[in-house]
Amino acid sequence: MARMTVFVPFFAVLVTLARAAPAPLFGINLSSGEESKTTTTDVSQDDITANILRPALFSRTAYCSAAAVTDWSCGGPCDALPNVKVLAAGGDDGAIPGFFVASDPDSKTIVVAHQGTDPKKILSIANDVEFLQVDANATLFPKAGDDVKLHSGFQDTQGRTADLVMATVQDGLNSTGFKRVLVTGHSLGAAVASLDAAMLRMALPDDVAVDSVVFGLPRVGNEPWADLFDTLIPNFIHVTNQNDPVPNVPPHALSFEHPSGEIHITAVDDKSGDATMIACPGQENQNCAAGNSLLDVSIPNHLGPYLADISFGDKACPA
């Protein structure tokens with residue numbers, strides 16, 4: 001993950017140029033978008049356990065190999081989630097990052113989890129830095145208007161597994177009778193997960209709840225995308241960790257906008273592993289990750305720990 005130290009100064013310079021430019025720079029709309037300074041509120045440990053812990057466990061498991069996930073034999077990450085039945089798993093850690101779809105009888109939920117960026121794989125890195133905005137795929141996102149624009153690399157990555165994810169989720173709902181889908185992931189996996197959540201919400205019946213909790217989410221689309229996403233997934237949670245730089249790329253000044261639902265970690269106790277979190281109203285709250293400086297970042301914060309000693313990345317999974 002040390003590669004981010006190369007790109008962060010570039011983004012900082014680009015943002016400075018963008019804010020000073022009297023006209024579109026490089027043909028890109030450089031509006032800085034709306035920002036909020038709404039007062040934050042503390043998130044209780046009970047709420048963290050109830051709403052964030054289990055998705056974090058699934059996101060960690062997405063970093064395990066497809067073979068170990070398929071057999072649910074990935075050691076500690078799998079042992080922390082007993083009774084899970086994997087319905088599909090795949091990925092090549094490159095153009096198709098790891099992912100799985102599973103049934104979770106303990107929560108009566110079909111779970112979709114996506115692996116984040118593997119810095120050792122050049123294709124995964126390219127997915128992150130290819131930040132051209134493009135129209136939303138009309139087949140996958142039929143409710144997206146012409147004004148909705150998405151990060152080209154993230155949309156391309158999501159599209160490579162979209163059909164399999166959709167079919168497997170539908171089969172899982174039919175075979176189990178469950179009425180809830182959870183979509184989760186970390187880093188690049190968080191971006192893909194948010195796109196999956198929107199796709200599934202547009203396609204599934206109204207009596208099926210679609211929730212999404214993600215970690216270290218980069219910006220996925222423009223403000224119309226964020227507004228649309230807020231209506232589709234009103235209970236969305238995206239967890240940002242202290243001075244992690246990833247939630248601030250692509251730059252807000254390039255017309256990328258986060259949806260609402262940020263929960264920001266302000267500290268993690270070294271002894272207990274407990275995280276102190278605050279809820280951040282609005283789409284880009286300056287009291288949370290959006291207020292971080294791109295010149296003062298922590299790459300380790302992107303990997304964790306986030307809560308309950310849960311970190312992400314290849315080292316977080318032994319299999």
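Predicted model: local features only at pLDDT ≥ 70, side-chain atom pairs only at ≥ 80, totals over all residues.
Reader: Which cysteine pairs with Cys64?
Author: Cys317, with the sulfur atoms of the two 1.7 Å apart. The link of Cys64 and Cys317 is right-handed, with 110 degrees about the S-S bond.

Reader: Where do those two sit in the chain?
Author: In distant parts, 253 residues apart. Cys64 is in the loop between helix H2 (45-61) and helix H3 (66-70), while Cys317 is in the segment after helix H10 (299-303).

Reader: Are Cys64 and Cys317 buried or exposed?
Author: Cys64 is buried, and Cys317 is too.

Reader: What about Cys74, what is it bonded to?
Author: Cys74 forms a disulfide with Cys78, sulfur to sulfur 1.8 Å. The link of Cys74 and Cys78 is right-handed, at 110 degrees about the S-S bond. Both Cys74 and Cys78 are buried.

Reader: And Cys280, which partner?
Author: Cys280 is joined to Cys288, with an S to S distance of 2.0 Å.

Reader: Is the Cys280 and Cys288 link right-handed or left-handed?
Author: Left-handed, with -95 degrees about the S-S bond. Cys280 and Cys288 are both buried.

Reader: What is the pairing if I number the bonded cysteines in sequence order?
Author: For the protein chain it reads 1-6, 2-3, 4-5.

Reader: Changing topic to strand E4. How many of its residues are buried?
Author: Six of six, so by the under 20% cut-off on relative accessible area strand E4 (residues 109-114) is mostly covered.

Reader: Which residues point which way from E4?
Author: Thr109, Val111 and Ala113 point one way, and Ile110, Val112 and His114 point the other way. In a regular strand, side chains alternate between the two faces of the sheet.

Reader: Which sense does E4 pair in with E3, parallel or antiparallel?
Author: Antiparallel, over six bridges, with E3 covering residues 99-104. One of the positions is Phe100, whose bridge partner in E4 is Ala113.

Reader: What is between E3 and E4?
Author: The two strands form a hairpin with four residues between them. In that hairpin, Lys108 takes a positive phi near 55 degrees.

Reader: And E7, how many bridges join it to E4?
Author: Five, and E4 and strand E7 (residues 180-186) run parallel.

Reader: Which residue of E7 stands opposite Val112?
Author: Val183. Val112 itself is among the buried residues of E4.

Terms used:
Residues numbered from 1 in each chain as written. Heavy atoms only, no water. Buried < 20%, exposed > 50% of the residue type's maximum accessible area, 1.4 Å probe, protein only. Pairing = 2+ DSSP bridges. Disulfide = S-S within 2.5 Å.
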